[in-house]
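Here is a short tour of one protein chain, written for someone who likes to check contacts and surfaces on screen. Please keep the viewer open as you read.

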Amino acid sequence: MKKFHAELNGFIEVDCDQQCDADILLERILDEVNEVFARHGGIQDCTIGVSSITEKALK
């Protein structure tokens, strides 16, 4: 059987009052994504994390 490796990229924009709130929200979102991946038997290994969080300037 062949194995394939996929790298994902993109962004998630969230509205929060403080960066600590954004950290918590993103952690919960990633936990849910990892749960979905875990339910698929074909996915043998997976690591998803946040590489950076920056405040977006208001317009």
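Predicted model: local features only at pLDDT ≥ 70, side-chain atom pairs only at ≥ 80, totals over all residues.

The partners come from distant parts of the chain: E13 sits in the segment before helix 1, K56 belongs to the segment after helix 1 (19-38), and 43 residues separate the two. Side chains of opposite charge can pair when their charged atoms come close.

How many salt bridges does the count come to? The count comes to one salt bridge. If you colour the model by accessibility, K56 will show up as exposed, because its relative accessible area is 54% and the cut-off for exposed is over 50%.

T47 is another residue to look up in the segment after helix 1. Is T47 buried or exposed? With a relative accessible area of 74%, T47 is exposed.

Now try a distance between C-alpha atoms. T47 and E7 are 40 residues apart in sequence, while their C-alpha atoms lie 9.8 Å apart in space.

## Overall shape and surface

The secondary structure is quick to summarise: the protein chain has one helix and zero strands. Its C-alpha trace spans about 50 × 20 × 15 Å along the principal axes. The radius of gyration of the protein chain is 15 Å, whereas a compact globule of 59 residues would have a value near 10 Å.

What share of the 59 residues is buried? Buried residues make up 5% of the protein chain. The chain exposes about 6100 Å², and carbon and sulfur atoms supply 51% of that area.

## The largest pocket

The largest pocket holds about 1600 Å³ of space. Its lining has 41 residues, and those closest to the pocket centre are G10, I12, L30, G49 and V50.

Definitions and conventions:
Residues numbered from 1 in each chain as written. Heavy atoms only, no water. 1 Å grid on protein atoms, 1.4 Å probe; cavity = no way out; pocket = protein on both sides within 12 Å on 5 of 7 lines; lining within 4 Å. Points joined across faces, edges and corners; volume = space filled by probe spheres on them. Helix = DSSP H or I, 4+ residues; strand = E, 2+ residues; numbered from the N terminus. Rg over C-alpha atoms; globule rule 2.2 N^0.38 Å. Buried < 20%, exposed > 50% of the residue type's maximum accessible area, 1.4 Å probe, protein only. Areas by Shrake-Rupley, 256 points an atom, 1.4 Å probe, with all protein chains shown as cover. Salt bridge = Lys/Arg side-chain N within 4 Å of Asp/Glu carboxyl O.
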